[in-house]
Amino acid sequence: MSMESQNYKNHRKFYPPHHFIYLPLLLILLGIGIYKSLDDDHNLPWILFSVSIFLILYLAIMVRQHYALGLQNRMVRLEFKQRYFEIFELRSDETEEKLTFSQIAALRFAYDDEFKILLEKALKENTSGDDIKKAITRWRADYHRI
């Protein structure tokens, strides 16, 4: 199975059934409900339909994101701690406290040699996570993101 080489422009991940079927279907149903509630003489059922669809849509987005991202964020932090220890043979507690999660997450895309340089730059210049990603010259792909 050949995978496209991962880089800054293509590193985001989508779950097609959720992003391209389920959510668009809910948006279409919400649109129909709103249209019917504004257009029909018997609009109370359509208003209730629209509110129900909106709540299902909201929950579908928030619950999926909340659990997946919460777990993924913990894993990214754990990976940073492990990697920092492997490279510097020191605990990362003090360093980690000085970084934002965005910076920690961005550093995982850098190989060890660049990791050291970009980490130092992030600590000295408070480089944003997005700028860290853009500065990476040799991208360390993460094909296992949620």
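Select leucine 44 to begin: at 53% relative accessibility it counts as exposed, where exposed means over 50% relative accessible area, buried under 20% and partly exposed in between, with a 1.4 Å probe and protein chains only. Leucine 44 is found in helix H2, residues 44-88; helices are DSSP runs of H or I with at least four residues, and strands are runs of E with at least two, numbered from the N terminus.

The model is predicted, so local features need pLDDT of at least 70 and side-chain atom pairs count only at pLDDT 80 or more, while totals for chains, interfaces and linings use all residues. Residues are numbered from 1 along each chain as its sequence is written, and side-chain values use heavy atoms, with hydrogens and water left out.

Of its 146 residues, 30% count as buried.

Then select threonine 127, in the loop between helix H5 (112-125) and helix H6 (129-135). Threonine 127 is buried, with a relative accessible area of 13%. Leaving aside residues up to four places away in sequence, threonine 127 touches Gln103, Lys121, Ala122 and Ile132, a contact being heavy atoms within 4.5 Å. Finally, show the side chain of threonine 127, which reaches the backbone oxygen of lysine 121 at 3.4 Å.

Methods:
Polar contact = N/O pair within 3.5 Å; in protein donor to acceptor, adjacent residues only side chain to side chain.
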